[in-house]
Amino acid sequence: TPKITLDYKTGDTLLYATYSKGFKAGAYNGSTPSSPGPVDPETLSAYEVGVKSDIGGQVRLNVAAYYYQFDNIQVSRQNLGTTLVQNAAEAEAYGVEASLTYAVTSNLTLMASGSLEHTEYSSFRDAVAYVPTPAGNGTIGVGASGNRMIRAPKIVMNLAPEYNYPLANGASIGLAANYYYNDGFYWDQANQLYQPKYSLINASVTYTFPGEKVSIRAVAN
């Protein structure tokens, strides 16, 4: 599992490029005698380039672009009431992600992040697909080459402002909110079961007593 990193720092900016390789161990399907395996190890080759920078003491910006190549990727499927692990040959993922932290004042901080990602099973000949039958849903094997990988949204965004208000008695009140957006993803390799886009909003109020040893927080979501 090698890892090689080159980086260059100029001022408060760090440029880097990384190559790494890892694996997930192989396995046997002990609970499925008809398909015992073995399941081959899954390997990943990862390439990433990026920049980490502090701007003016108030702004921190991180941006990264990456490419992942999976070989013998391990996936799960249902087989007569049991979970069967199999290899799906090859898959790839690439994208870009960024995060920004901005200290507007000594009390107010804004944090934002987002990612764009493309994923694809580049070779997958026997994915599970569901079909209706008189007795309920049945399964068949279908080719999933070109389908999106499971639980892999194309767009994810996050916005989180925080405000801390000091009180005259030495205590403080902290206000925080978080907005999360996910543009949707597939639950299955055949790309039949789709989770539509959704948003989550959380907010909290925190009272910190003088001395900063005890605090009380109320959360809503």
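Strand 9 (residues 127-133) and strand 10 (residues 136-142) run antiparallel and are joined by seven bridges; strands are DSSP runs of E, at least two residues long, numbered from the N terminus, and two strands pair if DSSP finds at least two bridges between them. This is a predicted model, in which local features need pLDDT of at least 70 and side-chain atom pairs count only at pLDDT 80 or more, while totals for chains, interfaces and linings use all residues. Residues are numbered from 1 along each chain as its sequence is written, and side-chain values use heavy atoms, with hydrogens and water left out.

- Thr133 has Gly136 of strand 10 as its bridge partner.
- Gly136 has a relative accessible area of 28%, so this residue is partly exposed (buried means under 20% relative accessible area, exposed over 50%, partly exposed in between, with a 1.4 Å probe and protein chains only).
- Between the C-alpha atoms of Gly136 and Asn182 there are 31 Å, with 46 residues separating the two along the chain.

- Ten strands form an open sheet with antiparallel pairing, in the order 1-2-3-4-7-8-11-12-15-16.
- Strand 1 (3-10) and strand 16 (215-220) are the edge strands, each pairing on one side only.
- From one strand to the next the twist averages 10°, where axes are lines fitted to C-alpha atoms, for helices over the stretch in contact, and angles run from 0 to 180 degrees between N-to-C directions.
- Eight bridges pair strand 1 with strand 2 in the antiparallel sense.
- Thr13 in strand 2 is the residue opposite Thr10.

**Aromatic pairs**
- The model has nine aromatic pairs (rings of Phe, Tyr and Trp, the last by its six-membered ring, pair if their centres lie within 6.5 Å; planes under 30 degrees apart count as stacked, over 60 as edge-to-face and the rest as tilted).
- One of them is Tyr19 with Tyr47, which is tilted because the planes are at 45°, with ring centres 5.0 Å apart.
- Tyr19 lies in strand 2 (residues 13-24) and Tyr47 in strand 3 (residues 42-55), so this pair ties together parts 28 residues apart in sequence.
- Both residues are partly exposed, Tyr19 at 25% relative accessible area and Tyr47 at 42%.
- Phe185 and Trp187 form an edge-to-face pair, 5.0 Å centre to centre and with 70° between the planes.
- Phe185 is buried at 8% relative accessible area, whereas Trp187 is partly exposed at 44%.
- One aromatic cluster is made up of Tyr19, Tyr47 and Tyr67.

Terms used. Helix = DSSP H or I, 4+ residues; strand = E, 2+ residues; numbered from the N terminus.
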